[in-house]
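Subject: Structure handover

Hello,

Here is the structure for your files. Please open it alongside this note; my findings follow below.

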Amino acid sequence: MIKTGLPNLKAKPFGGAYSVHDPEQIIVLNESIIKFPSLSYDANNLKHEFFETYKKWMPKYHNLQGIENYSEACFTNGTTESFVNFYLKYKGTKRLRIAKGDYFYHKMTQKMYFDGRRQFQWLDSDELRSGDLVVLSCPFSDSGSLRADLEELLTRCDQLKIPVMLDLAYINISENMSINLNHKCIDYVVSSLSKAFPLENHRVGIRLQREKHEDPLYVINEDDYNYLNTLSLYVSTELMKKFPSNYITQKYKDAQRYWCEKLDIVPSECVIFGIDTKNKYPEYSRGLETNRLCFSRVWDGRKNYGTQ
């Protein structure tokens with residue numbers, strides 16, 4: 001069995017990173033699922049409506065400079081399908097660089113695509129070098145904040161011609177993020193809806209890039225092919241139409257503040273998280289100096305505080 005390199009915290013009340021099963025969103029989700037089989041639809045139209053809706057919805061409450069230049073889009077099964085295709089594009093030719101505390105999937109699958117130390121190094125354990133490959137979550141998975149050196153890092157990747165994939169999976173459980181996407185090093189910007197909506201089992205994501213690059217994702221996204229999950233396309237578009245992209249942050253910011261005060265931790269810029277800077281909750285460590293607690297399942301009743 002492949003190891004993630006991180007402790008499995010799913011059984012703990014504040015473990016993992018989950019969407020809030022918000023009751024109003026659940027109603028719209030269930031109504032859309034029930035309605036879908038009776039619809040007369042064109043799969044191409046569903047897909048293009050999803051793209052256009054997502055590209056307007058995602059950046060609305062942020063300053064994502066240059067996002068309008070990423071005109072090429074693919075529907076993906078969450079963000080993970082985008083990662084696999086990125087790895088395959090550079091397999092055997094680059095050294096993968098990821099940050100400690102980032103999405104566990106990268107470390108879990110790294111050995112499948114990159115050969116040991118020769119083709120892998122933690123992002124903060126060595127300087128960037130020509131021939132590297134960078135994958136980074138923005139906001140960062142472990143803290144919910146942007147790296148303080150993000151602009152410097154991307155500038156250095158420009159200089160060294162290092163391909164970069166930015167993972168914006170948490171962007172819509174935060175607000176007012178400022179990211180310069182004009183850097184030439186950025187190959188792809190990817191995101192998913194599994195944190196802003198209760199869609200973790202529907203596998204809804206998007207990959208954006210400036211120019212088309214032929215790979216398996218583009219094959220299955222071609223018009224008139226029937227490879228995409230049309231139910232997920234439909235229900236996710238309906239949810240984006242009904243709920244603004246800051247819905248979760250606005251609705252739950254008071255609950256975040258309450259729980260952070262109760263637990264004596266710091267509110268993250270991603271509303272579903274609190275950050276333990278005093279090591280009061282070491283059981284939620286993900287390998288760095290602070291510990292991340294996720295409130296979502298306590299808020300929606302799937303977990304009770306005190307139940308391990």
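Helices (H or I, at least four residues) and strands (E, at least two) are DSSP runs, numbered from the N terminus. This is a predicted model: local features need pLDDT of at least 70, side-chain atom pairs count only at pLDDT 80 or more, and totals for chains, interfaces and linings use all residues. Residues are numbered from 1 along each chain as its sequence is written, and side-chain values use heavy atoms, with hydrogens and water left out.

Helix H3

Just after H3, glycine 92 has a positive phi of about 80°. H3 itself spans residues 80–90 and is mostly covered. Eight of its 11 residues are buried (buried is under 20% relative accessible area, exposed over 50%, partly exposed in between; 1.4 Å probe, protein chains only). Among the buried residues are Phe83, Phe86, Tyr87 and Tyr90.

Salt bridges

A salt bridge here is a side-chain nitrogen of Lys or Arg within 4 Å of a carboxyl oxygen of Asp or Glu. By this rule the count is 23.

Start with aspartate 132. Its side chain meets that of arginine 95 in a salt bridge at 2.8 Å, N to O. This pair links distant parts of the chain: aspartate 132 is in strand S5 (residues 132–137), arginine 95 in strand S3 (residues 95–98), and they are 37 residues apart. Aspartate 132 counts as buried because its relative accessibility is 1%. Arginine 95 is buried too, at 13%.

Aspartate 132 also forms a salt bridge with arginine 97, at 2.7 Å, N to O. Arginine 97 lies in S3 and aspartate 132 in S5, so this pair ties together parts that are 35 residues apart in sequence. Arginine 97 is buried, like aspartate 132. A salt-bridge network links Arg95, Arg97, Asp126, Glu127, Arg129 and Asp132.

Next, aspartate 124 and arginine 147 meet in a salt bridge at 2.9 Å, N to O. Aspartate 124 is in the loop between strand S4 (120–122) and S5, and arginine 147 is in the loop between S5 and helix H5 (150–160), so the pair joins parts that are 23 residues apart in sequence. Aspartate 124 is exposed, at 59% relative accessible area. Arginine 147 is buried, at 17%.

Aspartate 167

Which side chain of opposite charge is nearest to aspartate 167? It is lysine 195, 8.7 Å away (Lys and Arg count as positive, Asp and Glu as negative; His and the chain ends are not counted). Aspartate 167 is buried yet has no salt bridge. It lies in strand S6 (residues 164–167). A polar atom of its side chain is 3.0 Å from the backbone nitrogen of alanine 169. Aspartate 167 touches Thr79, Phe83, Leu136, Ser137, Cys138 and Val190, not counting residues up to four places away in sequence (contact means heavy atoms within 4.5 Å).

Phenylalanine 243

Phenylalanine 243 sits in the loop between H7 and helix H8 (247–263). Its relative accessible area is 6%, so phenylalanine 243 is buried. Phenylalanine 243 and tryptophan 57 are 186 residues apart in sequence, but 9.4 Å apart in space, C-alpha to C-alpha. Phenylalanine 243 touches Glu24, Gln25, Val28, Trp57 and Phe197, leaving out residues up to four places away in sequence.

Best regards

Key:
A polar contact is a pair of N or O atoms within 3.5 Å; within protein, one must be able to donate a hydrogen and the other to accept it, and residues adjacent in sequence count only if both atoms are side-chain atoms.
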